[in-house]
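User: Please take a close look at the salt bridges in this model and at what surrounds them. I would like the geometry, the place of each partner in the chain and the exposure of the side chains.

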Amino acid sequence: MEQEILYSPEYAVAKIKLLPGESVIAEPGAMIAMTPNLEVKAEFARGGVLKSVARSFFGKESFFTTTFTALGEAELVLGRGQPGDMWCVSLNNETIYAQSGAFVACTPGVHVNAGWGGARGFFAGNMLFLLEITGTGLVWLAAFGALKETTLGLEEDYVIDTGHVAGFHGSTMYTVTSAGGFKSFLTSGEGFVCRFRGPGKVWAQSRNAVAYAGWIDKYRPVKRSSRDDD
């Protein structure tokens, strides 16, 4: 299976070339284009990809995914609705963590779990969670804005605002602390940062979705009630 990320970083898509019999499992609506020799099957994710994501959103063990299986040499183009970058990680019996909503697609040997207990305190009061992604194979993830990849050496430290954490390797250690100073007042969140310690890779996104939503909200028309006219 060959893949490349196109149109990065603003409107990135993943172009995947599959050999006969190879499959890709994607979130609903991720398909942009494909050759006609792909078999498409929508199904519930039971006991595999996104099972725990379904529990988080729906309180049951059901969640639709779309499986694309090549009947011959085929091409599949995947993307996300929001603007931003994408990246592909090759796992070899490894674990990475990514922000909620980052998952785009994976190969059958990869499993995505949103029930990871360590995520409860990660984003403090931002009501977000992390995805635990494990297994062997490829996984495609999306960021909000451009993506910055940093490789940390043994015991090397790096600090990222929690609203800009896109993902990190399971080999990295981390702690979440208050940024302190004026940052608590200048951000839409609570001013928390994540301090990573290597070895491993960390991925930061250039835009904070919560802060961006707050900026957009300032320009949203406000509907006046009849009381305002009194």
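**Salt bridges and their surroundings**

Across the whole structure, a search finds four salt bridges, a salt bridge being a side-chain nitrogen of Lys or Arg within 4 Å of a carboxyl oxygen of Asp or Glu. The model is a predicted one, in which local features need pLDDT of at least 70 and side-chain atom pairs count only at pLDDT 80 or more, while totals for chains, interfaces and linings use all residues. Residues are numbered from 1 along each chain as its sequence is written, and side-chain values use heavy atoms, with hydrogens and water left out.

One of the bridges joins the side chains of Glu 27 and Arg 80, at 2.9 Å from N to O. Glu 27 lies in the loop between S3 and S4, and Arg 80 in the loop between S7 and strand S8 (86-99), so the pair ties together parts that are 53 residues apart in sequence; strands here are DSSP runs (E, at least two residues), numbered from the N terminus. Arg 80 has a relative accessible area of 24% and is partly exposed, the class between buried (under 20%) and exposed (over 50%), with a 1.4 Å probe and protein chains only.

Another bridge is formed by Lys 201 and Glu 149, whose side chains meet at 3.5 Å, N to O. This pair links distant parts of the chain, with Lys 201 in strand S17 (residues 200-205) and Glu 149 in strand S12 (residues 147-152), 52 residues apart. Lys 201 is partly exposed at 28% relative accessible area, and Glu 149 is partly exposed at 46%.

Arg 197 forms a salt bridge with Asp 157, the closest N and O atoms being 2.7 Å apart. Because Arg 197 lies in strand S16 and Asp 157 in strand S13 (residues 157-161), the pair ties together parts that are 40 residues apart in sequence. Both partners are partly exposed, Arg 197 with a relative accessible area of 38% and Asp 157 with 44%.

Strand S16 (residues 192-197) also holds Phe 196, which pairs with Tyr 174 of strand S15 (residues 173-178), 22 residues apart. Phe 196 is buried at 1% relative accessibility, whereas Tyr 174 is partly exposed at 23%.

Methods. Helix = DSSP H or I, 4+ residues; strand = E, 2+ residues; numbered from the N terminus.
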